[in-house]
Amino acid sequence: LKSFLRSASHRPSLASLWRRSPVGCMSSAPAAIQVPAKTGSEKDEENPDAWVRRNPVMWKHGKTNWECPVDLLGVSYATPPDLFFVRSHGPVPSLDAVTHSVSIEGFVSKPMNFSVQDLKDKFPVRRVWSALVCSGSRRKELNLIKHGGGHIDWHSAVGNAEWEGVYLRDVLLDCGVEQDYAVAKHVEFEGADAHSSGYRTSVPFSTTFNPAGEVLLAWAMNGVPLPPDHGFPLRVLVPGVTGARSCKWLRRICVQGQETDHHMHKNYYKVLPPHIMTPKGNLEEILAAPPLYDVSVNAIAFEPRTGTPARAGPLLVRGYAYCGGGRPVERVEVSLDGGSTWAQSTFAEQHRTEAGNMYAWVWWETVVDFDPEQHKEIVVRAWDAHCNTQPERPLWNYNGMMNNCQFRLKVDSVQKEDGSFSLEWQHPTTWMEKATSARL
């Protein structure tokens, strides 16, 4: 433990270790590799998204979902749009920024329609740093325990960006929104999704009307217009809340007295009690479970990477952490002895709002004195400003939502082609999959 906690003055600098790291330069992302777009007339009937530009390094889940490889999440504090995870419930709609509009209705005295240009002309432009997190991020770890009803095996469905738009609160006030919380209880968002069931979601009215909440009607991310996969030409951004509520391709906003009745909101985006193993016979209990809003505190390490050698000596460990509801991540801790003792990392980059809220992810890093003869794993956990931390073990639930157990990198002995063995680092989805196969 003394060697683990020894003064940083006796260690190589983080910067020098970073220069030797296999990921690359911390200040910029790798050049995007683009797939040439097809025109609308060339769309493949079997692939309605053939016209959408995507980076081929992304991992594909099903037909409409894409994930940045964990190794690349550390290339830039602001996730490049073409490395930002994509969660869509159907094909991407082809929309025109000039003609597209969003309607404001419900408990407002002046229902209105706004084009993107109308919003830019009428309201102050705002910029908000915020991470977006899929409700099912880290689901693969839960599905390796027991495969449930969440079929997308997300490893780390998260991205971080500076979003640009106007405050939804400003727009609602301009429309004469009802400010009695006994009347206006929820705000429903509807997207122009190009599939039969469409997509609607909602959040409490208090979330959208909070002056410090910074809910945006956004048209840009990281200084460029939203790509089609991320809601072009307009989406809502609800910082600190699960990404399912940040509706893409936004076309309607309704202030109302009840939550949305869309089936994804009522049945799917929920953490169900662990005894529910199937929807059959449990519908009443599923409907009674609360929908997901604020994301849980979470931290993972993207370095050392899976498959890299586990050698004795100073080791740079770094990753991201985030929390929901604007609660700041206060510290990220690392353990070399399975959680018996912990050491605090340092924050490499973070953003807080003027009101003191934190919606963006935190990049953290530390150097540990690693000895494979003594240390068999690295455990990571984060704490937020309300003293919430990550549970030691996964909390399985049927929908595979909100997994935020402590992140464990393990050392494994791997046989090479020449028959010799070497020690290497493995992330949870690697070592858990091996353990599952061994049990079977």
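**Cavities, sheets and cores in a predicted chain**

The largest cavity is lined by 22 residues, and Arg87, Arg235, Gly243, Ser246 and Lys248 are the ones nearest its centre. The model is a predicted one, in which local features need pLDDT of at least 70 and side-chain atom pairs count only at pLDDT 80 or more, while totals for chains, interfaces and linings use all residues. Residues are numbered from 1 along each chain as its sequence is written, and side-chain values use heavy atoms, with hydrogens and water left out.

The volume of this largest cavity is about 260 Å³, and the count comes to 3 cavities of 30 Å³ or more. A cavity here is a set of points, on a 1 Å grid over the protein atoms alone, where a 1.4 Å probe fits but cannot get out, and lining residues have an atom within 4 Å of a point. Grid points are joined across faces, edges and corners, and a volume is the space filled by probe spheres set on the points. Strands E3 and E6 (126-133) each supply at least two residues of the lining of the largest cavity.

Turning to the overall fold, the chain holds 8 helices and 22 strands. These are DSSP runs numbered from the N terminus (helices: H or I, at least four residues; strands: E, at least two). Of the 440 residues in the chain, 55% are buried, where buried means under 20% relative accessible area, exposed over 50%, and partly exposed in between (1.4 Å probe, protein chains only). Among contacts (heavy atoms within 4.5 Å) between residues at least 6 apart in sequence, 70% join residues at least 24 apart.

E2 (residues 65-67) is joined to E3 by 2 bridges, and Asn65 has Arg87 as its bridge partner in E3. Elsewhere, strands E4 (residues 101-106) and E5 (residues 112-115) run antiparallel and are joined by 4 bridges. A hairpin of 5 residues leads from E4 to E5, and Ser103 has Asn113 as its bridge partner in E5.

Another open sheet has 4 strands in the order E14-E15-E19-E18, again with antiparallel pairing. Its edge strands are E14 (298-303) and E18 (346-349), each of which pairs on one side only. On average, neighbouring strands of this sheet are turned by 35° against each other, direction ignored; the axes are lines fitted to C-alpha atoms, for helices over the stretch in contact, and angles run from 0 to 180 degrees between N-to-C directions. Between E18 and E19 (residues 362-370) there are 3 bridges, with Phe347 opposite Trp364 in E19.

In E20, 8 of the 8 residues are buried, so the strand is largely enclosed by the rest of the structure. Both of its faces are covered, with Glu377, Val379, Arg381 and Trp383 buried on one side and Ile378, Val380, Ala382 and Asp384 buried on the other. E20 pairs in the antiparallel sense with E16 (residues 329-335) over 6 bridges, and Val332 has Ala382 as its bridge partner in E20. With E21 (residues 407-415), E20 pairs in the antiparallel sense over 4 bridges, and Ile378 stands opposite Leu409.

Val380 also figures in the largest nonpolar core: of its 84 residues, Phe189, Leu217 and Val380 touch the most other members. Such a core is a set of buried Ala, Val, Leu, Ile, Met, Phe, Trp, Tyr and Cys residues joined through side-chain atoms within 4.5 Å. A second, separate core of 16 residues includes Leu132, Ile152, Leu216 and Leu237.

Some backbone details lie in loops. The peptide bond from Phe232 to Pro233 is cis, with omega near 5°, and Pro233 lies in the loop between E11 (224-225) and E12 (235-237). A cis bond also runs from Glu303 to Pro304, with omega near 10°, and Pro304 sits in the loop between E14 and E15 (313-322). Cys387, in the loop between E20 and E21, has a positive phi near 65° and is exposed, with a relative accessible area of 61%.

Notes. Pairing = 2+ DSSP bridges. 1 Å grid on protein atoms, 1.4 Å probe; cavity = no way out; pocket = protein on both sides within 12 Å on 5 of 7 lines; lining within 4 Å.
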